[in-house]
Every structure is written in C-alpha cells, then in structure tokens.
Amino acid sequence: MAKVDCDLSVSTVPTAPIAGQKPGTSGLRKKTKEFMSANYLANYVQSVFNTLIEMKTPVQGGTLVVSGDGRFWNPEAIQIIIKMAFAAGVGRVWCGTGGLLSTPAMSAVIRARGKGFESFGGFICSASHNPGGINDDYGIKYNCENGGPSPEKMTDLMVEWTAKIAEYKICDKIPDLDLSKPITYDLGDGKSVEVFDCVEDHLAVLKTCFDFDSIRGLISHPDFSMTYDCMSGVQGPYAIKIVEGELGAAAGSCKNAVPLPDFGGPESAWHGHADPNLTYAVELVRDMGLNKEGLPIASDKPIPKFGAAADGDADRNMILSSQFFVSPSDSLAMIVANSDLIPQFKDGLKGCARSMPTSGALDIVAKKKGIECFEVPTGWKFFGNLMDSGTHYFPDKKTYTPFICGEESFGTGADHVREKDGMWAVLAWLQILAKKTEKSGKLVTCEDVANEHWKEYGRNYYARYDYEGVDKAKSEEMMKMMSDKAGSLAGQEFGGMKMKTNDIFEYVDPVDGSVSKNQGIRYIFEDGSRIIFRLSGTGVAGATVRLYLEKYEAADGSLNQHQFEVVKPLAAIALELSQLQTYTGRETPTVIT
C-alpha cells in the first residue's frame with residue numbers, strides 16, 4: 001500500500017444546469033469537446049451522486065468502481081470522478097489498470113470482486129462503439145449494485161437533478177494518481193484507491209461459465225485457426241490474456257489488440273469506428289474471405305476457420321467462419337439451441353429473451369425446447385430485471401435464471417453479469433464448436449452449426465438498415481405519421497403481402513410492472529415477415545433511423561439464399577410505408593448489417 005499525503009478538504013463549486021443531459025439507453029453520450037467544457041462532466045456526476053444519496057444508496061464509506069474503455073479524455077475524466085467520489089463520501093474507489101475496464105468486466109467487478117457485491121455501483125466512461133477522439137464521441141454510464149445499467153426510475157431522477165443543480169463538490173487537492181499498475185493508495189481518513197488488473201475478475205467469472213480445457217483442445221486441433229479483431233478497443237488486454245494466454249491460441253491471433261484513445265482513428269481501415277459489423281470491421285471481414293455484403297471473395301492467403309470482433313467497450317461481438325457470416329439474431333438462437341454444451345447451463349435454461357427488433361429465430365428455439373422467452377425493448381436494463389427475478393431484488397417473482405439474452409445490434413450475454421458480453425459470446429461459440437468437434441471426430445465450424453440449425457428450425461432471413469445522421473425533427477415527424485396509422489392497416493396488401501397487424505410496441509415488465517411505451521413501430525405480415533422502425537438512442541449527432549427487415553423460411557424451404565437479397569422486397573415496402581425519402585431525403589442506408 002502506498003501512502004499519499006494529501007488534503008482531503010471538500011471544495012463546493014457553484015454551477016448551473018446544462019441542457020441536454022438526459023441519458024439514452026446506454027448512458028449519456030455527446031461530443032468529446034462538450035464533455036470537456038466547463039462543469040459538463042462534473043454536473044452530471046454530481047447529479048448521479050445526488051440521486052444515489054436521495055435513493056439511500058450506501059455511498060457514505062462505500063466502494064465505487066470507476067474505469068472506462070480507454071477512449072480520448074478518459075484519464076482526465078476518471079481523475080475528476082475519483083475526486084468527486086470522495087467529496088460525496090465514498091470510502092474506497094476501485095480502478096482497472098490503465099483506467100480500463102470493458103463494460104462486461106465492470107459488471108463482473110461489481111458483482112464478483114472480493115467477497116462479491118462489495119461496491120454499490122460504478123461509472124463506465126464509454127460511448128461503446130462510437131468513434132473516439134477529441135473531435136468525436138464521449139460517454140458516461142452509471143451501473144447499479146447488481147452490475148447492470150441504471151433503471152428508468154433512477155435515470156429519471158438523475159435528469160431531474162441535472163435540471164436543478166446549483167453546485168458540485170470535489171476534493172480538488174487530491175493529486176492525480178498513477179493508474180498504470182496494480183497498487184493501493186492510502187489517502188488517509190479511511191479513504192483509498194485500489195488499482196487492480198483489469199482482466200482478472202472478468203476472467204475468473206468466465207472460468208465458471210466454460211470448460212477452458214475443452215476449448216484449448218479445439219484451438220490446438222490441427223485443422224483449427226482463428227483471428228480476433230479487437231479494433232483497437234478495450235478488448236485487447238482481455239483477448240491477449242484469455243485467448244492467447246489461457247486458451248493457447250497462436251501469438252498474433254488477436255489483432256489490433258492495443259487500446260487506442262481514438263480506436264485507430266481515421267487512418268485505420270474502420271476509420272476509428274470500432275463497431276463489429278460487416279460495414280466497419282473491414283479487416284476481419286476481408287481476412288475471413290467476405291465483402292461488406294457478407295458474400296465470399298477470393299483471398300490470397302489462408303482463411304481462418306473462426307473469426308470474431310469486438311467493439312470499443314467490448315460488449316458487442318461478431319462471429320464468422322471461413323467465408324461465412326453468422327447474423328447476431330441467428331447467433332443468439334444458435335447459442336440457446338446448443339446451450340446444453342456449455343457448462344454454465346448444465347442444469348438447463350429457464351429463460352431467454354431478445355430485444356423486439358431482433359429476429360424471431362430465438363422464439364422458435366425456445367418454443368421447441370419449452371423455455372420461457374421474452375420480447376423486450378432495446379436496452380440491456382430490461383434483460384436485467386428478468387435475470388434478477390426471484391433474487392433478493394424481486395423475491396416474490398418467478399426465477400428465470402439460468403438465462404441467455406441478446407440484441408440484433410451484435411450484443412449477446414447471459415446471467416453471469418448484467419451487461420452484454422462480447423468475450424462471453426466468443427467463448428460460447430468456441431465451447432459449442434469444441435464439444436461438437438469432440439463428438440464428431442472432425443472439426444466443426446460455425447457454418448456447420450448454422451446449416452444444421454436451419455435444417456431443424458428454419459431460417460429467419462434478416463437485415464438491419466441504418467440511416468445515420470438524419471434530421472431529428474423530420475425523423476420524429478415520420479415516426480409520428482406511422483404511429484398515427486397504428487392498427488389501421490390490417491388486411492391490406494403491400495407488395496403482394498397481406499398485413500396482419502401494425503402497432504407501436506409497448507412493454508409491460510413482468511417483474512417490476514413498469515410500462516415502456518413507444519418502443520418502435522411494427523408491421524407484421526400474415527406470413528410472419530416483419531418490418532420494424534425505431535429511432536436509436538446511441539448516437540450523438542442528429543438521429544439514426546433503424547429499419548429492421550425479417551422473412552421466415554421453413555425448414556423444408558430454400559435455406560441458403562443471401563439474406564440481403566431475400567429482404568429487398570420488404571425494404572421496398574418499408575420505404576413506401578414510411579415515406580422515408582420524403583421525410584429524411586435519404587433512400588440509401590448508411591450501414592447494412
């Protein structure tokens with residue numbers, strides 16, 4: 001322990017409300033320079049502490065976790081939050097080495113470090129997959145004592161505080177601390193900062209989920225090869241230590257594994273946009289012998305048998321095999337279908353869930369396996385309630401764990417933490433491949449698993465179109481126009497397809513009874529095809545209109561078509577229904593996944 005002689009006196013700094021500090025589904029995100037402006041970060045952090053104290057969270061003398069994804073200005077922000085935490089009465093702060101923690105690792109630390117559940121919550125300095133840098137994006141999110149995102153009742157109170165804040169408190173005489181290596185700083189008066197290896201807690205939790213020996217066997221198989229693209233995000237240290245270190249993958253299997261403050265910036269193949277999809281994960285997609293549409297291309301070098309990627313904060317994942325892309329919706333359904341091969345679920349699944357825009361592939365698996373399945377709004381906090389059902393949070397409710405859940409936006413996870421977990425998803429696939437390879441006596445690939453799955457359950461052809469940076473007011477007008485027609489189109493034909501229903505998705509939480517309205521517009525056809533429109537809450541400039549297209553093909557149908565071609569007729573209907581080009585001036589999406 002290193003003793004730090006410092007003045008712990010609290011300074012009270014006058015301030016005034018700053019407009020626009022309402023967090024979205026994944027925290028507060030703005031341009032970096034806005035966060036760096038006078039009092040912006042301090043106002044929000046103080047509003048969170050005020051909320052916690054008002055809700056009787058044990059802040060006084062408690063333990064708080066503070067870390068982030070390594071993006072630009074994180075080191076400075078973390079030092080500010082530490083000093084404000086002690087001013088709020090916190091007794092101990094935990095930080096990952098280098099100020100780094102992936103989003104799932106933050107959840108693991110809150111839930112499992114030390115005796116488990118020692119901390120009352122944590123700040124994640126991250127804007128997830130959004131580009132980093134002084135001219136790009138910054139974000140912050142508060143996670144509760146269960147390791148999951150703040151519920152709406154808490155974020156609503158935070159917003160109330162941002163609108164009336166008059167001062168913030170900070171121990172501004174504490175010196176900036178070196179967070180580069182594990183060490184505990186004793187600041188006196190019972191206050192300390194403990195810096196710990198950012199990988200260790202998450203790794204320990206993952207070891208309880210998987211059979212690492214079995215996965216090592218797969219990785220050492222003479223026909224197996226892999227690549228894991230960390231896209232210069234926070235996943236690098238985790239991938240190196242777990243995939244190459246613990247599991248024995250060849251050195252260099254994990255690429256772009258040094259976290260950079262701009263995630264590689266404009267000079268990188270992905271232009272600093274660390275988002276694991278066919279559009280942005282350019283290097284991985286090319287290495288796996290595909291183009292941005294997911295179609296096979298010639299390669300002048302051997303193509304790995306398995307490929308994966310992570311986003312900036314490592315909660316998202318992408319899964320591929322040689323010249324084959326596994327869509328996130330399919331990935332979720334296939335993991336659930338093969339969950340008996342994963343030690344974490346040796347006693348069977350009790351529940352599963354998907355976000356509403358995610359394809360119905362999961363529902364088909366759950367029905368056949370007799371597992372309860374939920375359709376929830378976008379946002380991991382909705383999964384959290386289901387995973388906490390039957391625990392001390394909701395002791396009188398039904399227990400749904402063991403539990404697997406996911407979103408079409410490349411997020412997959414389970415009840416080991418309360419965040420989506422990119423590393424968990426990669427290990428889940430490696431575990432499934434390992435067990436199937438052991439059984440068959442020859443190497444089994446993701447493509448083999450997918451083809452086997454479709455032959456049993458049918459295939460939900462699926463694609464998402466993103467229209468990024470559109471005018472927010474115009475996109476809201478478009479959504480209102482469609483909302484006003486809810487329930488009025490049943491029986492009408494569009495493009496030769498008959499509408500079964502059109503509605504606005506509303507979710508009544510079966511655990512806490514809360515109601516979430518206006519969660520997206522759904523057009524559902526009689527053959528089960530779906531068109532979904534939703535405004536995203538993860539951007540920082542303008543609005544992003546997300547269009548989701550889905551068409552089901554039965555197990556005895558044509559299962560090997562290209563998904564983007566199959567859903568094109570639905571895209572034409574969607575443009576007609578939404579008048580998107582008229583409202584936004586756009587016809588061509590920015591990103592297709």
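Leaving aside neighbours within four places in sequence, which residues is Leu427 in contact with?

1. **Leu427.** This is a predicted model. Leu427 sits in helix 13, which spans residues 422-440. Beyond four places in sequence, its contacts are Leu206, Phe210, Phe212, Ile215, Ile242 and Leu247. Take Phe210 from that list. Phe210 and Leu427 are 217 residues apart in sequence, yet their C-alpha atoms are 7.5 Å apart in space. Leu427 has a relative accessibility of 0%, so it counts as buried.

2. **Phe49.** Helix 2, residues 40-54, holds Phe49. Buried or exposed? Phe49 is buried, because its relative accessible area is 0%, and the cut-off for burial is under 20%. Neighbours within four places in sequence set aside, Phe49 is in contact with Leu64, Met84, Ala85, Ala88, Val90 and Phe123.

3. Four strands make an open sheet in the order 17-16-18-19. The pairing is mixed. Strand 17 (372-376) and strand 19 (411-414) are the edge strands, each pairing on one side only. From one strand to the next, the twist averages 15°. Strand 18, residues 403-407, pairs with strand 19 in the antiparallel sense, over four bridges. Glu407 has Gly411 of strand 19 as its bridge partner.

4. **Helices on that sheet.** Helix 11 (residues 361-369) packs on the sheet and touches strand 16 (351-355) and strand 17. The direction of helix 11 makes about 165° with that of strand 16. Helix 12 also packs on the sheet, touching strand 16, strand 17, strand 18 and strand 19. Its angle is about 170°, taken against the direction of strand 18.

5. **The second largest pocket.** Helix 12 comes up again here. The second largest pocket holds about 560 Å³ of space. Its lining has 27 residues, and Pro151, Lys153, Asn385, Phe394 and Asp512 are the closest to the centre. Which helix gives the most to this lining? Helix 12 does, with six residues. Helix 5 (152-162) and helix 12 (380-388) each supply at least two lining residues. By class, the lining has 12 nonpolar, seven polar and eight charged residues.

6. **Strand 21 and its partner.** Strand 21 and strand 22 (residues 497-504) run antiparallel and are joined by two bridges. Phe494 stands opposite Met497, which belongs to strand 22.

Methods: Residues are numbered from 1 along each chain as its sequence is written. This is a predicted model: local features need pLDDT of at least 70, side-chain atom pairs count only at pLDDT 80 or more; totals for chains, interfaces and linings use all residues. Side-chain values use heavy atoms; hydrogens and water are left out. On a 1 Å grid over the protein atoms alone, a cavity is a set of points where a 1.4 Å probe fits but cannot get out, and a pocket is an open set with protein on both sides within 12 Å along at least five of seven lines; lining residues have an atom within 4 Å of a point. Grid points are joined across faces, edges and corners, and a volume is the space filled by probe spheres set on the points. Ala, Val, Leu, Ile, Met, Phe, Trp, Tyr, Cys and Pro count as nonpolar, Asp, Glu, Lys and Arg as charged, and the others, Gly among them, as polar. Two strands pair if DSSP finds at least two bridges between them. Buried means under 20% relative accessible area, exposed over 50%, partly exposed in between (1.4 Å probe, protein chains only). Contact means heavy atoms within 4.5 Å. Axes are lines fitted to C-alpha atoms, for helices over the stretch in contact, and angles run from 0 to 180 degrees between N-to-C directions.
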